[in-house]
Amino acid sequence: MAAFNITSSHPSTFILMGIPGLEVAHVWISIPFSMFYITSLLGNFTVLFVVYKEPTLRNPMYLLICMLALTDIATPTFIVPKILCIFWFNLKGITVGGCLTQMFFLHTVSLMHSAILVTMAFDRYVAICKPLRYATILTNTQIAKLGLVGLIRAVLFIMPLPLLLSRQPFCANRIIPHTQCEHMAVAKMSCGDITVNKIYGLVLFFVVNMSDLTLIALSYGLIIKAVLRLSSKKAHQKALNTCTAHICVMLTYYTPGLFSNLTNQFGQGFAPYIHIILADLYLLIPPLLNPIIYGVRTKELRDKVGKYICRK
């Protein structure tokens with residue numbers, strides 16, 4: 001991974017402390033962390049493999065599920081190997097460039113994940129409200145273009161975070177009380193004025209995330225309005241069932257993310273290790289649950305996965 005340029009005023013490395021206050025439990029904490037990581041990799045690679053092998057699944061909805069699976073593979077991969085090195089081997093050092101690079105990719109993938117959820121909500125809106133035009137409005141090419149727009153948006157919004165920090169003079173204290181190079185944890189290592197960093201971080205969270213949530217809410221508002229117009233109760237149930245998996249995935253992503261960000265910004269009364277554990281779980285739980293949710297709630301995918309498992 002390419003590192004950002006660092007001026008000579010920066011120390012060569014930071015020290016990631018893991019979870020301060022729970023050092024004696026690091027080895028025990030590593031067990032669920034590694035299990036979550038391995039299980040999420042197996043689940044998401046299984047989804048990618050099955051969609052690749054099955055021509056009947058190569059449609060916009062499953063292309064979006066594959067995009068989600070890719071972000072779910074990338075997110076824990078950027079943090080878990082380093083966390084396990086800290087927990088198992090006490091390898092706490094990370095270069096400043098490596099730290100800023102990890103921060104950039106983590107936040108970029110997170111914003112990309114959010115953009116995919118917005119596109120999924122639009123997909124469900126078209127499928128339910130404009131079913132006869134679904135094939136013309138949403139093609140695989142259109143989904144690929146929307147995915148590219150989401151990626152460009154994420155890169156443009158996140159790039160200022162490491163660039164602003166790379167211009168800051170860092171103090172002699174290079175100890176980051178965290179398992180990862182989270183933006184504000186690194187910003188607090190600076191001896192300079194980080195007001196701009198704080199403001200941009202808050203704007204990024206509230207403007208981007210809230211706009212995504214607003215678009216999702218709008219899509220589901222229109223979906224509910226369309227469903228209520230249906231006369232058949234069975235049609236109501238069928239229409240809502242198509243949205244269940246997406247709603248569950250949204251809840252697993254936005255709920256811990258919102259709680260983690262709010263406790264980080266305003267929860268000074270919480271013990272520091274609570275912030276750190278919440279931040280880690282926010283990046284570990286959604287990739288673990290998403291393939292399970294889609295495997296259980298999506299009949300086509302469930303049947304195809306079952307076919308391959310039985311064949312093995």
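Helices (DSSP runs of H or I, at least four residues) and strands (runs of E, at least two) are numbered from the N terminus. The views below come from a predicted model, in which local features need pLDDT of at least 70 and side-chain atom pairs count only at pLDDT 80 or more, while totals for chains, interfaces and linings use all residues. Residues are numbered from 1 along each chain as its sequence is written, and side-chain values use heavy atoms, with hydrogens and water left out.

**View 1. Asn-90 sits in the loop between α3 and β2.**
Welcome to the first stop. The loop here runs between α3 (80-89) and β2 (93-95). Asn-90 is not a glycine, yet it has a positive phi of about 60 degrees. Its relative accessibility is 52%, so Asn-90 counts as exposed. On this scale, buried means under 20% relative accessible area, exposed means over 50%, and partly exposed is in between (1.4 Å probe, protein chains only).

Leu-64 is buried, with a relative accessible area of 2%.

**View 2. Helix α12 and its buried side.**
Helix α12 covers residues 299-311, 13 residues in total. Leu-301, Val-305 and Tyr-308 are the buried residues of α12. Seen down the helix axis, these buried residues fall within an arc of 60 degrees, so they line one face of α12. The arc is that of the directions from the helix axis to the C-beta atoms. Their cover includes α1 (26-53), α2 (60-77) and α11 (272-297). On the face turned away from the buried side, look for the exposed residues Lys-299, Cys-310 and Arg-311.

**View 3. A salt bridge joins Glu-54 and Lys-304.**
Side chains of opposite charge can pair when their charged atoms come close. A salt bridge here is a side-chain nitrogen of Lys or Arg within 4 Å of a carboxyl oxygen of Asp or Glu, and the whole structure has four of them. In the pair shown, N and O are 3.5 Å apart. This pair links distant parts of the chain, with Glu-54 in the loop between α1 and α2 and Lys-304 in helix α12, 250 residues apart. Glu-54 is buried, at 6% relative accessible area, whereas Lys-304 counts as partly exposed at 22%.

**View 4. Two further salt bridges, Asp-303 with Lys-299 and Asp-123 with Arg-124.**
The closest N and O atoms of Asp-303 and Lys-299 are 2.8 Å apart. Both residues lie in helix α12, four residues apart, about one turn of the helix. Asp-303 is partly exposed, with a relative accessible area of 39%, and Lys-299 is exposed, with 54%. For Asp-123 and Arg-124, the closest N and O atoms are 2.6 Å apart, and both residues are buried.

Terms used:
The expected span of a helix is 1.5 Å times one less than its number of residues. Contact means heavy atoms within 4.5 Å.
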